[in-house]
Amino acid sequence: MKTLLTTIALSATLALPAAAQDMSAQLKARQGQFRIMALNLGVLGDMVKGATEYDATAAQAAAESLVGISMVHQPTLFAEGSDEMSVDGTRALPAIWENPDDFAAKWAAFGEVAAQMQTAAATGTDAMGPAMGALGGACKSCHETYRAPQ
Amino acid sequence: MSKLLKTAAILAILGGGTAWWLSRPIHADPSDFEGLTGDATHGEQVFLAAGCASCHMNEETKEKTVLTGGMELPSPFGSFVVPNISTDPEHGIGGWTVTEFATALQKGVSPKGQHYYPAFPYTSYTHMAAQDIVDLKAYMDTLPASSQENADHDMPFPFNIRRSLGLWKQLYLKDSYVVTNTPGSEIERGRYLVEAMGHCGECHTPRDQFGGLDRSAWLQGAPNPSGKGEIPGITRGILNWSKEDIAYYLSSGFTPDYDSAGGHMALVIENTSKLPDEDRDAIAAYLLALP
């Protein structure tokens, strides 16, 4: 009986780390969001680089998509317990949840430069170049602190 | 004493003496810097290309021109704390002569004659041109002083014996570049930016058991010294990016599929984005010329 109890107690202890919450929906939403960002940045960046012709309509649509993503409420996606220490399949560092205000500020900064791109996209690649640089800066400033290396 | 013992004693003294001699601190040659005048404006470009602020910036405030240090650099040998290199005469490097500054950069030796740990990339900076060193000093002399005291490195025995770094330098502090064949001035400039200034190899090249760079796997990627993840290889075959892709990444931080740089590389790009276009093109040309 004692052995059985001990076994049960031990199993319960061992099972604890595995009791992480299922965060697969949050992870999919997050990674999808960043994929949408990358695709639209690609439309704009290729025009800036001269890899594709400037197309005002396409540029506008891409920039608006970025602005749209910037309005998604991030705490819903970055739920407590969905960092890389707690669940597999993510590079989100625990520092995000240690500095929620800074994380929110960096996301807001992305929104601001996305809005700049929205204005620039209407005028042509001359204005889009600096806006693209600002977007790159916004991505980097967050990834520098909050994303684990591959 | 038997003859054998005497011989052994003499050999031990000779051996110890040789090791002591081999591990001595080497100094830069003051005559290399005689008659050179520092240009602080160009020095800022050197400061960016050499990536000084990426490690020496104020760890608390992240200000890139306040060189307080404080960042922790983990390694398999122990943990380094980046020192204060601001103009403060007591806690920083204010008041150093040009030769002392050059000795630190090119030989990894402090004004007191102590070896620096190679977390400070002097095996790269050893290739820096005399004029660039003088210009860099002129620029750094214009930056503010920070009176923050330096924290100690967390190095266990035997790695806390700095004298032994002199022997390490015999193996790894080399006068020669890794790439010896540089067809054209662009690739040559790229080599200077990558191998000397940018010290790219310090992270992107794997290290051997003594922590020296494995030049046979130059820029082919390495484990992250933090213990988690990999630093990617950046040779042509591994990366498979065009020259424009590389130059654009170094200016914007965007990869060809519009992912963005992160971690320490984000800090590197903050510097490379401020370099002239020709320098980013040169880095790309050098990387594409690698085997």
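Reader: How is buried area to be read, and what is the area buried between chain A and chain B?

Author: This is a predicted model, in which local features need pLDDT of at least 70 and side-chain atom pairs count only at pLDDT 80 or more, while totals for chains, interfaces and linings use all residues; side-chain values use heavy atoms, with hydrogens and water left out. Residues are numbered from 1 along each chain as its sequence is written, and chains are lettered from A and ligands numbered from 1 in the order in which they are written. Buried area is the accessible area (1.4 Å probe) that two parts lose on being put together, summed over both. Between chain A and chain B this area is about 1600 Å², and carbon and sulfur atoms give 52% of it. Lys49(A), Lys140(A) and Glu144(A) supply 39% of the area that chain A buries against chain B, more than any other three residues.

Reader: How many residues does each chain bring to the contact?

Author: Contact means heavy atoms within 4.5 Å. Chain A brings 18 residues and chain B brings 20 residues.

Reader: Which polar interactions join chain A and chain B, and how many salt bridges are counted?

Author: A salt bridge is a side-chain nitrogen of Lys or Arg within 4 Å of a carboxyl oxygen of Asp or Glu. Two salt bridges are counted between chain A and chain B. One joins Lys49(A) to Asp245(B), with the closest N and O atoms 3.9 Å apart. A polar contact is a pair of N or O atoms within 3.5 Å; within protein, one must be able to donate a hydrogen and the other to accept it, and residues adjacent in sequence count only if both atoms are side-chain atoms. Five residue pairs across the interface meet this rule, both residues being at pLDDT 80 or more.

Reader: Which element gives the largest share of the side of chain A that touches chain B?

Author: Helices (H or I, at least four residues) and strands (E, at least two) are DSSP runs, numbered from the N terminus. Helix 7 of chain A gives the largest share of that side, seven residues. For classes, Ala, Val, Leu, Ile, Met, Phe, Trp, Tyr, Cys and Pro count as nonpolar, Asp, Glu, Lys and Arg as charged, and the others, Gly among them, as polar. The side of chain A that touches chain B divides into seven nonpolar, five polar and six charged residues.

Reader: What lines the largest cavity?

Author: Its lining consists of Ile85(B), Thr87(B), Ile93(B), Gly94(B), Phe101(B), Lys137(B), Met140(B) and Asp141(B). The space in this cavity is about 50 Å³.

Conventions: 1 Å grid on protein atoms, 1.4 Å probe; cavity = no way out; pocket = protein on both sides within 12 Å on 5 of 7 lines; lining within 4 Å. Points joined across faces, edges and corners; volume = space filled by probe spheres on them.
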